[in-house]
Every structure is written in structure tokens, then in C-alpha cells.
Amino acid sequence: MEKFKLEILFHIIGIGSASGLIYKNNSLLIIGDNSGFLYEYQLDSKELQRHPLLENPIENTPKKDKADFEAIAYFGDSLYVFGSGSTANRNKMIQLNDADKKIIATHDLTDLYAVMQNFGEINPEDFNIEGATYNGQNWYLLNRGNGISNKNVLFTIAGKNLTNDFQILSNAYKLPKIKGVRSSFTDAILVDDTLYFLATAEDTQSTYDDGEVLGSLIGSIDLKTMKINFTQKISDTHKFEGLTLYANSKEKIEFLICEDNDTEVLETYIYKLSFSKQ
């Protein structure tokens, strides 16, 4: 996949630091790592709704206090929003009803994240979950390797739940460099037996502090072999952090992606990324 087209599709006022999105039923579900809300944007009416993920939610939460919601997934009638696990107060998973976006349950993933760190040989200061997807049998969670050790790890998790009955497999990846800096996972989406992922190069060795953005790429992993199929740089300047499938045909595949602008400005751009299959 070398021929691609990247274009701005939507400009949404009211959402900042977008970190994950889902395209579903002609609407976008978007989370921001600074925010305590799930945003629902109707593509036809351009209406934006806010659904609380926390008690007394606010936008532009101070960095030391934020839940750092970095990943969103769905299956069946439920939506799942994950905290990154990069600090002790970022270990929540919120489960919501897809129909009305009401909270079903709030899960503490402290034990799961500790086992993942041990199993993936990731130090706590290098742990940073930024992507999640689910197929009803397995969860796929991605650790962003933007810490000192550059641990880009794909975790495959099976079991009855994510709190006390799970089994874990892990696969580590050495992703390409952009301008001399190793890129790191920022999101993923499952399409059949292929996991498409985003990765960004950011000039920092911290999962907490931001750095200069050097560009982003897309790639895919064959879940049967756990090997990378391809990678393709798609930007020299953007920090893309959210990925969702938009359309898939014999001729081309299209994704929607969002950007974390690392500011308190409440606006976001949604881009369409198209690849020809010919």
C-alpha cells in the first residue's frame, strides 16, 4: 500500500486533543485525552452531543488529574473507553450502552495493567496503552513505545473479563523511525484478520510529557502470523491518534483519523485516509 490520499473531511468545534474515534451509524464517537466526556457527532445534522464518562466531568482537565482516555472500542451493544495506565489514576475502563451512551460499569484495570507490564517486560514509567479493539473473543491492546525503552507491544487478551479472568499473549515490534526518532503505536482497528495501526514519532522519552511531533505512519499486522504487512508514512507534521474504518471495497479501503493537537483549543479535524487496492 503505497498510493494513498489524505484529506480533511470534517472540522468539529467543541472537541480538543482527540485521541480515539469510532465511525458507526453515520456518526462519530470521539474521546479526548484531556476530557471527561464521550463526544457524539452526527454527520448529517452536524450536531455534537456530550456524554459523561466520569462524575463531574470537565474539558481540559489538568494533566495531573486527567483520566487520560486514549482508546475506544466497541462490540455488540457496548462501547469501551480505556485509560492509558501511564499513571495510577489512569487505570479505568468505562463500559457504555451503545444505544443511549449511558454508563453500564466502570472497571478498575490496575491488576490487568500490572500483569501486562510484567508479561511484556515494560517498566511502569514506559507503560502507555493508546489503542484497543475487540472481536468478541480477543482484546487487542497496544502499548505506545514512547518511553525510554521504546516498547511497542501488541497484547492479545482472552478470557471472561479484563479484571480477574484473563490470559495474555504479547508481541513486541520495532517500528520505523521518522526523522531519526522511533515511531510508536497510537491506535488500531481490526478489519477481518488484519490489525491496521497508527504510529507517531514524537521527540520525547516520556509517556507523560509531550515532545516535538515529527510525523505519523499507518501500517498493518497479520493476526495469524503476528508479522507486520506494511508501513507507510502519511504525514511529516501530524500526531494522529485515532483510527476507524470508514469504507472497504474491492478497489480501496478508507479510514477516518483524528489528531491530538496537544492544546486546550476545543476544535478538531477529522481526516479521510484512502488507499487503493489496485
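1. Start with an open sheet of four strands, ordered β16-β17-β18-β19, with antiparallel pairing. Its edge strands are β16 (184-191) and β19 (227-235), each of which pairs on one side only. From one strand to the next, the twist averages 20 degrees. Keep in mind that this is a predicted model.

2. Look next at β17 (residues 194-203) and β18 (residues 212-222). They run antiparallel and are joined by 10 bridges.

3. A second sheet deserves a look. It is open, has four strands in the order β6-β7-β8-β9, and its pairing is antiparallel. β6 and β9 (103-108) stand at the edges with a single partner strand each, so one side of each has no neighbour in the sheet. Here the twist averages 20 degrees from one strand to the next.

4. Within that sheet, β7 and β8 (residues 92-97) run antiparallel, joined by five bridges. Phe 82 stands opposite Met 93 in β8.

5. Phe 82 also belongs to the largest nonpolar core, which has 22 residues. It is among those with the most contacts inside this core, as are Leu 112, Tyr 113, Met 116, Trp 139, Ile 157 and Leu 162. Elements that each supply at least two residues include β6 (69-75), β7 (78-83), α1 (110-119) and β12 (152-159).

6. Follow Ile 157. Leaving aside neighbours within four places in sequence, its contacts include Leu 112, Met 116, Trp 139, Leu 141, Leu 162 and Phe 166.

7. Another core, of 19 residues, lies apart from the largest one. Its members include Ala 188, Leu 195, Phe 197 and Ala 201.

Conventions
Residues are numbered from 1 along each chain as its sequence is written. This is a predicted model: local features need pLDDT of at least 70, side-chain atom pairs count only at pLDDT 80 or more; totals for chains, interfaces and linings use all residues. Side-chain values use heavy atoms; hydrogens and water are left out. Two strands pair if DSSP finds at least two bridges between them. Axes are lines fitted to C-alpha atoms, for helices over the stretch in contact, and angles run from 0 to 180 degrees between N-to-C directions. A nonpolar core is a set of buried Ala, Val, Leu, Ile, Met, Phe, Trp, Tyr and Cys residues joined through side-chain atoms within 4.5 Å. Buried means under 20% relative accessible area, exposed over 50%, partly exposed in between (1.4 Å probe, protein chains only). Contact means heavy atoms within 4.5 Å.
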